[in-house]
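Hi,

Here is the structure I promised to pass on.

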Amino acid sequence: MLDVFRRVGFIPRACGWEITLRCNMRCLHCGSLAGRARDDELSHDECLRVADELVELRCGRVTLTGGEPTLHPAWDELGQRMAKQRILVAIISNAWSFGPREAERAARAGLCTVGFSLDGLEHEHDAFRGPGSYPRVLEAIRSVRAVALDISVNTTIHSLNRHQLVELRDLLEAEGVRSWQLQYAIPTGAMAGRRDLVLPAEDLLWIVPQIAELCRERKGRMHIVASDHIGYFGPPEADLRQADVALPFWLGCWAGMHTLGIESNGNVKGCLSLPSDRHGERRYLEGNVRSSSLREIWGRPAGFSYNRCFSVDQLRGFCSVCRYGDVCRGGCTWKRYSLGDETSGDIYCFYYQAVKHRRYDLLDDDPTPAEKTFPGF
């Protein structure tokens, strides 16, 4: 499968750009450990140059994020600069200080989508993000709806809100949300200290089929999509993947293949979710825009080696015996890193859990003998 990607070419179809790490909230599951701005964040002129380099690199979509991106004084200027060059530009906010003025700025800048985080119904969301946050998200959604921009919502599924997905779906549809992305709470960043709030791995046996059903229904105008670390394989798989993907199953991590991440100090990674200096980890850093152009960093022959130079002998644990190992490549790199025990493979994999618990009725085919007798079960 990797040979196919090499022949097609590595093109950055999507970029997550953390324009500031400054944030006005302290969420329990913040993977980037946001709060104070970095001491060495890119200057205004440097940000403009990065925006132009993303255009030059033919990036298809850029999502401005943080921290809280609206605390960067030029967030709309950067968005407009890229949108004028036909890049689809989105922004995702915590909504704490997002009102009609910010909605107007987003519309004038030509942004395609404004996204917000909503992590449960009122009690559960506020437990994660702070008292009073929930009504501010709803107010922000209505402000964006008033300027006729598309609205997206991200929901992090955790142990407190795992039974609320249908109610959340109905709420967001009623509020005119255009797109809803679901993702698991991952034990990295701030969440590393709250593993009690991370879903029990065996919950995947019921929650993945439920997410797939929600994706399949796509009631009304709202498009529902599962994040890349949800799945993999079995009957739910086709519904979990994007409807416009020709092969409707998980094709492995996109970091450094078709996605790119830029931190607010100019560090470049294959995916913005991957750990870096703030997590005491540098293996995923590919360079910095202050010393090299994005084109140079992206085009380096040895760059993003964990994906571009992957071989199946790198797989560990159950992944090393899994029939899908050469296609899946061990699942989401961020998720695999955050679990901290690569000897087991990706235990937050639907196929892994179905085989482990002998729920073969949830699979398309009977597991192989090597999978059934994996020593870790």
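First, a word on naming: helices (H or I, at least four residues) and strands (E, at least two) are DSSP runs, numbered from the N terminus. Residues are numbered from 1 along each chain as its sequence is written. Please keep in mind that this is a predicted model, in which local features need pLDDT of at least 70 and side-chain atom pairs count only at pLDDT 80 or more, while totals for chains, interfaces and linings use all residues, and that side-chain values use heavy atoms, with hydrogens and water left out.

Let me start with helix H5. Gly130 follows H5 and has a positive phi, near 115°. Within H5 (residues 122-129), the buried residues are Glu124, His125, Asp126, Phe128 and Arg129; buried means under 20% relative accessible area, exposed over 50%, and partly exposed in between (1.4 Å probe, protein chains only). These buried residues of H5 pack against E4 and H6, where contact means heavy atoms within 4.5 Å.

Now the sheet. It is an open one of 10 strands with mixed pairing, in the order E7-E6-E5-E4-E3-E2-E1-E8-E9-E10. Two strands pair if DSSP finds at least two bridges between them. At the edges are E7 (223-226) and E10 (287-288), each of which pairs on one side only. Strands E1 (residues 14-18) and E8 (residues 259-262) run parallel and share 4 bridges; Gly16 has Gly261 in E8 as its bridge partner.

Helix H6 (residues 133-146) lies across E4 (113-117) and E5 (150-157), at about 170° to E4. Helix H7 (residues 165-174) packs on the sheet too, touching E5, E6 (179-184) and E7, and its direction makes about 155° with that of E6. For these angles, axes are lines fitted to C-alpha atoms, for helices over the stretch in contact, and the angles run from 0 to 180 degrees between N-to-C directions.

Which residues of H7 are buried? They are Leu165, Leu168, Arg169, Leu171 and Leu172. Seen down the axis of H7, they fall within an arc of 165°, so they line one face of the helix (the arc is that of the directions from the helix axis to the C-beta atoms). Their cover includes H6, E5, E6, helix H8 (204-217) and E7. Arg169 has a relative accessible area of 7%. Its side chain makes polar contacts with the side chains of Asp170 (2.7 Å) and Glu217 (2.8 Å). A polar contact is a pair of N or O atoms within 3.5 Å; within protein, one must be able to donate a hydrogen and the other to accept it, and residues adjacent in sequence count only if both atoms are side-chain atoms.

Thr113, in strand E4, is buried with a relative accessible area of 10%. Leaving out residues up to four places away in sequence, Thr113 touches Arg61, Val89, Ala90, Ile91, Asp150, Ile151 and Ser152.

Finally, the cores. A nonpolar core is a set of buried Ala, Val, Leu, Ile, Met, Phe, Trp, Tyr and Cys residues joined through side-chain atoms within 4.5 Å. The largest one has 105 residues, and those with the most contacts inside it are Trp17, Leu54, Phe116, Trp180 and Ile211. H8 gives the most to this core, with 8 residues. A second, separate core of 6 residues includes Leu21, Cys23, Cys27 and Cys30.

Best wishes
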